[in-house]
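Visitor: Hi! I have a structure open and would like to talk it through with you. Shall we begin?

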Amino acid sequence: MEHHRAPVQVLETGRVENLADGVFSIVMTLLVFELNLPSMESGTSLAPALLSLWPKFLAFAISFALLGIYWLGHRSQLNYIKRADHVSHWLNILFLACVSLVPFSTKVLGRFPQAGHQLQVEMEQNLDLPGPAHGLDQPLIGGTALVGHA
């Protein structure tokens, strides 16, 4: 008995772009919620209290810049990827799941700045986000190119 595969549905990338833009905007907004006002006693100066929050502000700045780089890279890729299929949708969902974890890692880095370097090394060794190096720019379905010219 011969097994026939159902035809693969090829879709435009507009919905993927919209989902990504929504996820990025929410994740970038969530970053600011870790920046709480310091608790102060009456008669104390505001400047030292705000300066004590430098690890949280630094973590915020790094994470916001990182998300900006990821967003720009994702947008750039979608300038070349003109059509999407089921596999590319799931790859994008996986990528966006990793993006949605950035506020958590920002919170960890802001609360435990001494562990920042160790975490960075571990993340670089263990977390590898999908992208061009992983074939996202290659045809993902048999014989149908998803990549077009910009």
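Visitor: Great. What is the mean pLDDT of the protein?

Guide: This is a predicted model, and its mean pLDDT is 78. Of its residues, 69% reach 70 or more.

Visitor: Where is confidence lowest, and where is it highest?

Guide: The lowest is helix H6, residues 116-126, at a mean of 61. Helix H1 has the highest, at 93.

Visitor: And over which residues does pLDDT stay under 50?

Guide: That is residues 129-143. The model has 29 contacts beyond four places in sequence for them. Where pLDDT is low, the predicted coordinates should not be read in detail.

Visitor: How much of the protein is buried?

Guide: Buried residues are 28% of the 150 in the protein. As for contacts with a separation of 6 or more, 85% of them are between residues 24 or more positions apart.

Visitor: Let's go to helix packing. At what angle do H1 and H4 pack?

Guide: Helix H1, residues 14-30, packs with helix H4, residues 86-100, at about 5°. Their axes are 10 Å apart.

Visitor: Roughly parallel or roughly antiparallel, then?

Guide: Roughly parallel, because angles under 35 degrees count that way.

Visitor: Which residues make the contact?

Guide: From H1 there are Val-16, Leu-19, Ala-20, Val-23, Phe-24 and Val-27. H4 brings His-89, Asn-92, Phe-95, Leu-96, Val-99 and Ser-100.

Visitor: What classes of residue are those?

Guide: The contact of H1 with H4 has 9 nonpolar and 3 polar residues, and no charged ones.

Visitor: New topic: aromatics. How many aromatic pairs are there?

Guide: The count is 3. One of the pairs is Phe-24 with Phe-95, whose ring centres are 6.1 Å apart. Their planes are at 45°, so this pair is tilted.

Visitor: Which parts of the chain does that pair tie together?

Guide: Phe-24 is in helix H1 and Phe-95 is in helix H4, so the pair ties together parts 71 residues apart in sequence. Phe-24 and Phe-95 are also among the residues that make the contact between the two helices.

Visitor: Are Phe-24 and Phe-95 buried or exposed?

Guide: Both Phe-24 and Phe-95 are buried. Ring pairs also link them with Tyr-70 into a cluster.

Visitor: What about the rings of Phe-60 and Phe-64?

Guide: Their centres are 5.7 Å apart and their planes are at 35°, so that pair is tilted too. Both residues lie in helix H3, residues 54-80. They are 4 residues apart, which is about one turn of the helix.

Visitor: How accessible are Phe-60 and Phe-64?

Guide: Phe-60 is partly exposed, with 22% relative accessibility. Phe-64 is also partly exposed, at 36%.

Visitor: Staying with Phe-60, what is it in contact with, neighbours within four places aside?

Guide: Phe-60 is in contact with Leu-31, Val-32, Leu-35 and Thr-106. Leu-31 is 29 residues away in sequence, and the C-alpha atoms of Phe-60 and Leu-31 are 6.3 Å apart.

Visitor: And Trp-71, where does it lie?

Guide: Trp-71 lies in helix H3. With a relative accessible area of 30%, Trp-71 is partly exposed. Leaving aside neighbours within four places in sequence, Trp-71 is in contact with Asp-21 and Phe-24.

Visitor: One more: is Gly-110 buried or exposed?

Guide: Gly-110, in helix H5, residues 102-111, is buried, with a relative accessible area of 7%. Buried means under 20% here, so Gly-110 falls in that class.

Visitor: Which residues is Gly-110 in contact with, beyond four places in sequence?

Guide: Those are Pro-55, Lys-56 and Ala-59. Gly-110 and Lys-56 are 54 residues apart in sequence, with 4.1 Å from C-alpha to C-alpha.

How values were computed. Residues are numbered from 1 along each chain as its sequence is written. This is a predicted model: local features need pLDDT of at least 70, side-chain atom pairs count only at pLDDT 80 or more; totals for chains, interfaces and linings use all residues. Side-chain values use heavy atoms; hydrogens and water are left out. Axes are lines fitted to C-alpha atoms, for helices over the stretch in contact, and angles run from 0 to 180 degrees between N-to-C directions. Angles under 35 degrees count as roughly parallel, over 145 as roughly antiparallel, 65 to 115 as roughly perpendicular and the rest as oblique. Contact means heavy atoms within 4.5 Å. Ala, Val, Leu, Ile, Met, Phe, Trp, Tyr, Cys and Pro count as nonpolar, Asp, Glu, Lys and Arg as charged, and the others, Gly among them, as polar. Rings of Phe, Tyr and Trp (its six-membered ring) pair if their centres lie within 6.5 Å; planes under 30 degrees apart count as stacked, over 60 as edge-to-face and the rest as tilted. Buried means under 20% relative accessible area, exposed over 50%, partly exposed in between (1.4 Å probe, protein chains only). pLDDT is the predictor's confidence in each residue, from 0 to 100.
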